[in-house]
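Open the structure in your viewer and have the selection tool ready. Each stop below says what to select next and what is there.

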Amino acid sequence: MIGNDWDQKLKIIWESEGFKKFYHLVEEEYRTKTIFPPKDHIFEALKLTSYQDTKVVIVGQDPYHGEGEAHGLSFSVQKGVKVPPSLQNIYKELYDDLGIPPKNDGDLTNWAKNGVLLLNAVLTVVKDTPASHRKLGWERLTDYIIKLLNEKEEPVVFILWGNFAKEKMKFITNPKHLVITSPHPSPFSAYYGFFGSKPFSRTNEFLKKNGLKEIDWN
């Protein structure tokens, strides 16, 4: 399904009757409604960032629900799409933290290729209807992914922005890992502790301390 080591890691999920039944529901949604991201991008985060290569996890909620925005990576939008307010605030914090100027687009594919797993807790959404696929069943898969990453021998940084992402914290029990939490970068909450939280430099300092290559956040 994925084309890298996630296939083996998630084999128990892919082959379970529960997941097959659930995925049949997802396919029915795609047949009868306008669903984002495009079906071939549902697992884009896993395709671009293998289990072995994952050094950082940034947990999002569910995909953007506007036309042409979502492409399977949390907080990221396709080139040519207006940069959403939350991502604008992420870029602002990145500039304040590391001096990296905001990009002209919101495509975070380069982060994914550098070892940042941009994982939404829910992987699909109905057009113009945020959180419409919450509780549909995706959480069982994404919870399991977090549990697998928690088992890694190599240290991983988990970046959890907002209460929705913080729900995953209960699965991160390995003391080798670093968990960075703050309010969500949304304009409604960014000024309550997201700005100034320095997640990018803290991540790189931790990776460097543990003998791992730092993330290129450009």
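The tour goes from a strand to a loop residue, then to a cavity and a pocket.

This is a predicted model, in which local features need pLDDT of at least 70, side-chain atom pairs count only at pLDDT 80 or more, and totals for chains, interfaces and linings use all residues. Residues are numbered from 1 along each chain as its sequence is written, and side-chain values use heavy atoms, leaving out hydrogens and water.

**Stop 1: strand β2**

Select residues 56-60, which form β2. Strands (E, at least two residues) and helices (H or I, at least four) are DSSP runs, numbered from the N terminus. Five of the five residues of β2 are buried, so the strand is largely enclosed by the rest of the structure. Buried means under 20% relative accessible area, exposed over 50%, and partly exposed in between (1.4 Å probe, protein chains only). Look along the side chains: Val 56, Ile 58 and Gly 60 point one way, Val 57 and Val 59 the other.

Strands pair if DSSP finds at least two bridges between them. β3 runs parallel to β2, joined by five bridges. Find Ile 58 and, opposite it in β3, Leu 118. β5 (residues 157-161) also runs parallel to β2, with four bridges. Here Val 57 has Phe 158 as its bridge partner.

**Stop 2: Thr 49**

Select Thr 49, in the loop between α4 and β2. Is Thr 49 buried or exposed? Thr 49 is buried, with a relative accessible area of 1%. A polar atom of its side chain lies 3.4 Å from the backbone oxygen of Val 116. Beyond neighbours within four places in sequence, the contacts of Thr 49 (heavy atoms within 4.5 Å) include Asn 4, Trp 6 and Ala 112.

**Stop 3: the cavity**

A cavity is a set of points on a 1 Å grid over the protein atoms alone where a 1.4 Å probe fits but cannot get out. The whole structure has one of 30 Å³ or more. The largest cavity has a volume of about 80 Å³. Select Phe 43, Pro 63 and Leu 123, among its lining residues, which have an atom within 4 Å of a point. β3 gives the largest share of this lining, three residues.

**Stop 4: the pocket**

A pocket is an open set of points with protein on both sides within 12 Å along at least five of seven lines. The largest pocket holds about 460 Å³ of space. Of its 27 lining residues, select the closest to the centre: Gln 61, Asp 62, Pro 63, Tyr 64 and His 184.

Technical notes. Points joined across faces, edges and corners; volume = space filled by probe spheres on them. Polar contact = N/O pair within 3.5 Å; in protein donor to acceptor, adjacent residues only side chain to side chain.
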